[in-house]
Amino acid sequence: MNDRKRTLLIVEDDPALQKQMRWAFDQYEVVTADDRESAIAQIRRYEPAVVTMDLGLPPSPDDTTEGFRLLGEILSLAPDTKVIVLTGQHDRENAVRAVGAGAYDFFAKPFEPELLMLTIDRAFRLYDLQHENRRLQTQHAGGPLGAVITRDAAMLRILRTIEKVSSANVTVMLLGESGTGKEVLARGLHEASPRRAARFIAINCAAIPENLLESELFGYEKGAFTGAVRQTPGKFELAHKGTLFLDEIGDLPIALQAKLLRFLQERVVERIGGREEIPVDVRIVCATHQDLKSLIAQGRFREDLFYRLAEIVVDIPPVRDRDGDALLLAHAFVQRFANEHRRGSMGFTDDALAALAAHRWPGNVRELENCVKRAVIMADAGRITADDLGLDAPDEDLEALNLRAVRDEAERRAVVRVLARVNGNIARAAEVLGISRPTLYDLMNRFGLKKDPV
C-alpha cells in the first residue's frame with residue numbers, strides 16, 4: 001500500500017480557520033492558499049485532486065466574485081479536480097450556483113470537521129474511479145476495433161466476424177442504416193488486416209456526380225477530356241496494396257457497375273483516355289443502407305455484381321436494437337466532448353438517462369453523437385438534463401425495472417411459448433425447458449396457467 005499522503009488544497013483567508021482545518025485534516029498533505037493567485041500557484045505546483053475553498057476571498061471577502069473567478073480558473077486548468085465550496089450559513093443560492101458551475105459539493109460554515117471529512121474522502125474516491133476508468137478505456141482503445149463501443153451481443157458477434165475475415169482476401173459488404181458505424185467497421189477491418197501498412201481510401205458513391213465519379217475511381221490520362229491537364233491516377237490505384245471503401249454502393253451508376261464488375265474479375269483498371277491495363281491489388285469493402293435485392297428487382301443494380309461484392313455480408317443492427325448501447329455510447333461521448341470543450345466532469349440526470357434509453361435514434365450513432373455534443377455545449381451545469389438533450393423524458397415505471405419482475409415475465413413467456421409449441425404436453429414441455437415436471441407445475445400455478453388452454 002502506498003503510504004504517501006494525498007494532497008488537499010485549502011483556500012481560506014481566515015488564518016485561524018486555516019490552521020484549524022490543517023489540524024483537522026492532518027491525514028492529508030495539506031497545502032494552503034489565502035487568495036486567488038496563490039491558489040492557482042498551488043494548483044500548478046501540487047495538482048491536488050481535491051480542493052476546499054471559501055467563496056469570499058481578498059480583495060473583497062464580502063463578495064463572491066473572486067471566489068467564482070477562482071472556481072472557473074481551477075476547472076479550466078484542471079477539469080477533473082473536485083472542488084468543495086464553503087459558504088455562509090444562509091448563502092444557499094451561491095452554493096447551488098457554484099455546483100452548477102462545476103463544483104463537486106458545498107458545505108455551510110460553521111461546519112463539522114467529521115462531516116466535511118466524509119465529503120473530502122468521497123471526492124478523492126470519485127477522482128480515483130474516474131482516473132481508473134479513463135486508463136481502462138485507453139487500454140481498450142488500442143485494438144483495431146477499439147473505436148467501436150458496444151456491449152450488445154449481436155454487435156460483439158459482428159466484431160468477431162470482422163476480426164476473422166480481416167486476414168482473408170475477400171470482398172466485404174456492410175449493410176445497415178445510416179449512422180450505424182459502417183465506415184468505422186471498414187477502417188477497423190483495414191487496421192486488423194495485413195494491408196494496414198498501406199492506404200485506406202474511402203469514397204461516397206452518392207456524393208459525387210456521375211460524370212466525375214468515373215474519373216475519381218479509375219483516373220484519367222492527360223488530354224482525355226477538357227480540363228485533363230495532367231495524368232491522374234484514380235482511387236483504385238491510390239489504394240494499391242490497401243483497402244478501398246465504397247460507401248453507398250447502391251447509388252453507383254449502372255454504367256460504372258459494369259466497370260467495377262470487370263475490375264473484380266480481372267483486377268486491372270484502365271484510366272479514362274488510356275489503353276493500358278494497370279494491375280491493382282486492392283481489397284474492396286462496400287456499404288449501403290439500401291436493400292440491394294430490391295434494387296436488383298428494379299433493374300437498378302446488377303445481380304452479378306452483387307454476388308461479386310457479397311462474398312462476406314455483415315448486417316449491422318441499428319442503435320435501437322442494441323441492448324444498452326445508447327447509454328454506453330452517450331456516457332463515452334459526454335466524457336469526450338466535456339474534455340474537448342473544457343467543461344470538467346459532466347454526467348446525466350436520471351431524466352436524461354431515461355430519455356436517452358427511450359428515444360428511437362433514427363439517425364443512429366451519428367444522431368446520438370450530435371445530440372450529446374450539443375448538450376455538452378449548451379448545458380448550464382455539470383449535469384445534463386433531458387431538456388439539454390432536446391428529448392422528452394418518459395414517464396418511466398421503475399417497477400418495470402425490478403429484476404424479479406423481469407425474470408418472472410421472461411419465465412412466464414417461455415412457459416407459454418413451449419406449452420403452445422408442444423400442444424400442452426407437460427412431459428415434453430418440461431423436457432424442452434430443462435426442468436422437472438413438478439417444477440413446471442409450480443410455474444404454471446404461479447403464473448395462473450391451466451394445463452388445458454381454453
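Start at R342. R342 is partly exposed, because its relative accessible area is 49%. Partly exposed is the band between buried, under 20% relative accessible area, and exposed, over 50%, with a 1.4 Å probe and protein chains only. R342 sits in the loop between α13 (325-340) and β15 (347-348). Its phi is positive, about 55 degrees, although R342 is not a glycine.

Before I go on, the ground rules. This is a predicted model: local features need pLDDT of at least 70, side-chain atom pairs count only at pLDDT 80 or more, and totals for chains, interfaces and linings use all residues. Residues are numbered from 1 along each chain as its sequence is written, and side-chain values use heavy atoms, with hydrogens and water left out.

Next, E248. Its phi is also positive, about 55 degrees, and E248 is not a glycine. Most residues other than glycine have a negative phi, and most peptide bonds are trans. E248 lies in the loop between β10 and α10. Buried or exposed? E248 counts as buried because its relative accessibility is 10%.

Now the cis bonds. One joins P58 and P59, with omega about 10 degrees. P59 is in the loop between β3 (50-54) and α3 (65-77). Another joins K109 and P110, with omega about -10 degrees. P110 belongs to the loop between β5 (105-108) and α5 (113-140).

On to helix α8, residues 210-218. Which of its residues are buried? They are L213, S215, L217 and F218. Helices here are DSSP runs of H or I, at least four residues; strands are runs of E, at least two; both are numbered from the N terminus. The buried residues of α8 pack against several elements, among them β7 (200-204), α9 (235-238) and α10 (254-266). Contact means heavy atoms within 4.5 Å. After α8 comes G219, with a positive phi near 80 degrees.

F218 takes us to the aromatics. F218, F236 and F263 form one aromatic cluster. Rings of Phe, Tyr and Trp (its six-membered ring) pair if their centres lie within 6.5 Å; planes under 30 degrees apart are stacked, over 60 edge-to-face, the rest tilted. The count comes to seven aromatic pairs by this rule. F236 with F263 is a tilted pair: 4.6 Å centre to centre, 50 degrees between the planes. This pair links distant parts of the chain, F236 in α9 and F263 in α10, 27 residues apart. Both F236 and F263 are buried.

For contrast, take R44 in helix α2 (residues 36-46). R44 counts as exposed because its relative accessibility is 58%.

Finally, the whole chain. It has 19 helices and 16 strands. The radius of gyration is 31 Å, well over the 22 Å that the globule rule gives for 454 residues, so the chain is more spread out than a compact globule. That radius is taken over C-alpha atoms, and the rule is 2.2 Å times the number of residues to the power 0.38. Along its principal axes the C-alpha trace spans about 90 × 80 × 45 Å. Of the 454 residues, 42% count as buried. Among contacts with a separation of 6 or more, 67% come from residues 24 or more positions apart.
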